[in-house]
Amino acid sequence: MAEHTKEILDLLDEHYGKEFVCYLSHENAWQLLIATILSAQCTDARVNIVTKDLFQKYQSPADFAKADLAELEQDIRPTGFYHNKAKNIIACCKTLCEKFDGQVPEKIEDLITLAGVGRKTANVIRGNIFHEPSVVVDTHVKRISNKLGLVSGDDPVKLEFDLMKVLPKDHWIRYNIQIIRLGREICKAPTPKCQECFLTEYCPSYEKEMAKKMSKGKKKDA
């Protein structure tokens with residue numbers, strides 16, 4: 001276990017609690033699957049606005065499978081990258097209907113065969129729907145885990161497996177939820193609110209930043 005991991009996890013639990021929270025609105029597995037595909041390069045808040053009407057219009061994977069591509073593109077346009085997302089959603093839902101009887105599969109090996117679904121999306125489904133301990137490496141988790149020195153690198157798959165080694169299994173899903181909140185509220189990119197952060201004592205990135213400021217201050221005084 002990386003140095004200070006327990007202290008970091010205890011503080012995250014203290015500040016954000018231990019409840020599992022999914023920030024994407026959904027009522028079932030296929031809705032969460034589509035919402036997660038839409039969330040790429042888009043905020044959860046915007047996705048939730050779009051899916052509120054989208055899931056009224058398309059009420060099953062079968063509806064999405066037979067959707068008109070151009071029409072679906074316009075339906076999801078506010079989420080960005082709508083050409084690829086619409087194409088992937090239709091292809092994904094066709095596979096769900098043809099191979100999985102319209103049901104979202106549980107195994108990660110099956111999930112990643114779906115169009116638009118990588119390990120991140122698959123782990124969101126496994127964690128939130130099937131309650132399988134999973135590490136989801138999104139932009140917040142990648143950036144902040146590196147800053148805290150829990151892992152090192154940019155490759156999401158490598159970071160996923162590295163975090164699985166560092167974090168206790170009962171924290172895998174919880175850690176992602178907590179780090180998303182930390183990233184949105186305090187450790188923002190590119191301007192983190194370090195003065196408000198409760199993890200500075202265990203953050204090598206913060207220590208380096210403070211050392212730089214002290215060094216600059218000494219040079220000015222010299």
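Predicted model: local features only at pLDDT ≥ 70, side-chain atom pairs only at ≥ 80, totals over all residues.

Modeller: Helix 8 gives the most to the lining of the largest pocket, with 6 residues.

Sorted by class, the lining has 16 nonpolar, 14 polar and 5 charged residues. Several helices take part: helix 2 (29-38), helix 3 (44-57), helix 8 (119-128), helix 9 (139-147) and helix 11 (172-185) each supply at least two residues of the lining.

Let us begin with helix 2 and helix 3, two of these contributors. The loop between helix 2 and helix 3 holds Gln-41. The phi of Gln-41 is positive, near 55°, although the residue is not a glycine. This deserves a remark, because most residues other than glycine have a negative phi. Gln-41 counts as exposed because its relative accessibility is 66%, and exposed means over 50%.

Within helix 3 one finds Asn-48. Asn-48 has a relative accessibility of 18% and therefore counts as buried, the limit for that word being under 20%. Leaving aside residues up to four places away in sequence, Asn-48 touches Tyr-23, Leu-24 and Ser-25. Glu-7 is 41 residues from Asn-48 along the chain, and 34 Å separates the C-alpha atoms of the two.

The buried residues of helix 6 pack against helix 2, helix 4 (61-65) and helix 5 (69-76). Those buried residues are Tyr-82, Lys-85, Ala-86, Ile-89, Ile-90, Cys-92, Cys-93, Thr-95 and Leu-96. With 18 residues (82-99) at 1.5 Å a residue, helix 6 should span 26 Å, and its end C-alpha atoms are 25 Å apart, which agrees.

In the loop between helix 5 and helix 6 lies Phe-81, which is not a glycine and yet has a positive phi of about 50°. Phe-81 counts as exposed because its relative accessibility is 55%. Helix 6 is followed by Asp-101, where phi is again positive, near 55°.

We may now turn to helix 11, another contributor to the lining of the pocket. Gln-178 belongs to helix 11. With a relative accessible area of 1%, Gln-178 is therefore buried. When residues up to four places away in sequence are not counted, Gln-178 touches Leu-12, Asp-13, Tyr-16 and Gly-17.

Helix 1 has 12 residues (5-16) and reaches 16 Å from its first C-alpha to its last, close to the 16 Å expected. The buried residues of helix 1 are Thr-5, Ile-8, Leu-9, Leu-11, Leu-12, Asp-13 and Tyr-16. Helix 10 (156-166) and helix 11 are among the elements that cover them. Just after helix 1 comes Gly-17, with a positive phi of about 80°.

Beyond helix 11, the loop between helix 11 and helix 12 (204-221) contains Pro-190. The peptide bond from Ala-189 to Pro-190 is cis, with omega near 5°. In general, most peptide bonds are trans.

Finally, a word on the cysteines is in order. A disulfide is a covalent bond between the sulfur atoms of two cysteines. The count in this model is 0 disulfides. Cys-194, for example, is in no disulfide, and the nearest cysteine sulfur, in Cys-187, is 6.5 Å away. For Cys-197, the closest cysteine sulfur is also in Cys-187, at 6.3 Å, which is too far for a bond, because a disulfide requires sulfur atoms within 2.5 Å. Cys-194 counts as partly exposed because its relative accessibility is 27%. Cys-197, with a relative accessible area of 19%, is therefore buried.

Key: Residues numbered from 1 in each chain as written. Heavy atoms only, no water. Helix = DSSP H or I, 4+ residues; strand = E, 2+ residues; numbered from the N terminus. Nonpolar A, V, L, I, M, F, W, Y, C, P; charged D, E, K, R; others polar. Expected span 1.5 Å × (residues − 1). Buried < 20%, exposed > 50% of the residue type's maximum accessible area, 1.4 Å probe, protein only. Contact = heavy atoms within 4.5 Å.
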